Amino acid sequence: MATLDQIFDMGGGYVLNFSDRTFAEFFADELNVDINDDVYYAEGGSKGKRLRYYLKQADTETAVRTLQALWEHREAFRQMRGLPDDVPNAHGRLLDIIDRLRGNKPAAESTLIRPAYNWPALEQIRQDLISLNNHPPHDRGYRFEAFLKSLFDTFSMKARDPFRNRGEQIDGSFVLDGETYLLEAKWQSNLTGIGDLHAFHGKIEQKAAWARGLFVSYSGFSQDGLVAFGRGKRIVCMEGLDIHDALQRQIPINHVIEQKVRRAAETGNCLIRVRDLFAS
């Protein structure tokens, strides 16, 4: 709750830039909640106290939906005014709380990754990614696959090791929000081009209709290849720089992929980078 107080500027009983009127309108319009009901005054009548009590009483998905709506309001106001974000790693810290609420990371669990607070662990994982360059070329691909499996497992994405079907190699799979994703991991000096994209998409099309794919290229993708690949495909793409940026900014990888999938559905683009998905 102290973190939420900081993110949503709840000191002194206030919440963001809301007046009493706009606070009530926000809850009514966005969440269909009467925040002026007497029940929410149990711990005091200020906007901050009512919000804290409401969040403590709400079920998980209602609380998550409320936090997401508040974040969207916060960012819209901040960007409209051209204001800097003076709360360090605000979005990553909020997403970490949402993961805890949903049970992806129990509050009492001591894990390798605690994106909101554990800077040394995050930095070590980022350094592990960078250190892959120190291994012989023929060894990097296998180590990159192992790194990705460990990374996905850290964020409770139930990763599986590479497996082979008849005539094809799949670099692994993971589960996110109940959806199964097949993984293609590519480590090479050159940018990944149209041939590799088409080859992986062909594998996905041979699987169940609900299967999706994540193509991770450490070096990135060629712009010509992305243009030729086109829109509306069943895969999303991630670059090594995306992983580096997410770890450095403490943004959980599961939320990075969720946002990539959402933006791909909205725009048809299979690659939208972390720097464009999440405001600085």
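The dialogue below goes through the sheet, the helix packing and the pockets of a predicted model.

Reader: What should I know before reading the numbers?

Author: This is a predicted model, in which local features need pLDDT of at least 70 and side-chain atom pairs count only at pLDDT 80 or more, while totals for chains, interfaces and linings use all residues. Residues are numbered from 1 along each chain as its sequence is written, and side-chain values use heavy atoms, with hydrogens and water left out.

Reader: What order do the strands of the open sheet have?

Author: Strands of a sheet pair through backbone hydrogen bonds, either parallel or antiparallel. Helices (H or I, at least four residues) and strands (E, at least two) are DSSP runs, numbered from the N terminus, and two strands pair if DSSP finds at least two bridges between them. Here the open sheet has four strands in the order 3-4-5-6, with mixed pairing. Strand 3 (173–176) and strand 6 (235–239) each have a single partner strand, so one side of each is left without a neighbour in the sheet. On average, neighbouring strands of this sheet are turned by 30° against each other, direction ignored.

Reader: How many bridges join strand 3 and strand 4?

Author: Strand 3 pairs with strand 4 (residues 179–186) over four bridges, in the antiparallel sense. Phe 174 stands opposite Tyr 181 in strand 4. The two strands form a hairpin with two residues between them, and Asp 177 in the turn has a positive phi of about 55°.

Reader: Which strands does helix 7 lie across?

Author: Helix 7 (residues 137–154) lies across strand 3, strand 4 and strand 5 (212–217), at about 150° to strand 4. Helix 8 (residues 194–205) also packs on the sheet, where it touches strand 4, strand 5 and strand 6, and its direction makes about 155° with that of strand 5. For such angles, axes are lines fitted to C-alpha atoms, for helices over the stretch in contact, and angles run from 0 to 180 degrees between N-to-C directions.

Reader: At what angle do helix 4 and helix 5 pack?

Author: Two packed helices are described by the angle between their axes and the distance between the axes. Helix 4 (60–81) and helix 5 (90–101) pack at about 170°, with axes 10 Å apart. That makes helix 4 roughly antiparallel to helix 5; angles under 35 degrees count as roughly parallel, over 145 as roughly antiparallel, 65 to 115 as roughly perpendicular and the rest as oblique. Contact means heavy atoms within 4.5 Å, and the residues in contact include Leu 67 and Trp 71 of helix 4 and His 91 and Leu 94 of helix 5. By class, this contact has nine nonpolar, three polar and one charged residues. Ala, Val, Leu, Ile, Met, Phe, Trp, Tyr, Cys and Pro count as nonpolar, Asp, Glu, Lys and Arg as charged, and the others, Gly among them, as polar. In the loop between these two helices lies Asn 89, which has a positive phi of about 50° although it is not a glycine.

Reader: Are helix 2 and helix 3 roughly parallel or antiparallel?

Author: The axes of helix 2 and helix 3 (residues 47–57) come within 11 Å and cross at roughly 25°. The two helices are therefore roughly parallel. Their contact includes Phe 23 and Phe 27 of helix 2 and Leu 51 and Tyr 54 of helix 3.

Reader: What volume does the largest pocket have?

Author: On a 1 Å grid over the protein atoms alone, a pocket is an open set of points where a 1.4 Å probe fits, with protein on both sides within 12 Å along at least five of seven lines; lining residues have an atom within 4 Å of a point. Grid points are joined across faces, edges and corners, and a volume is the space filled by probe spheres set on the points. The largest pocket has a volume of about 730 Å³. Its lining has 28 residues, and Trp 71, His 91, Gln 259, Leu 277 and Phe 278 lie nearest its centre.

Reader: Which residues are closest to the centre of the second largest pocket?

Author: The second largest pocket has a volume of about 300 Å³. Of the 14 residues that line the second largest pocket, Asp 9, Leu 16, Arg 74, Leu 83 and Asp 86 are the closest to its centre. Asp 9 is in the loop between helix 1 (2–7) and helix 2 (20–31).
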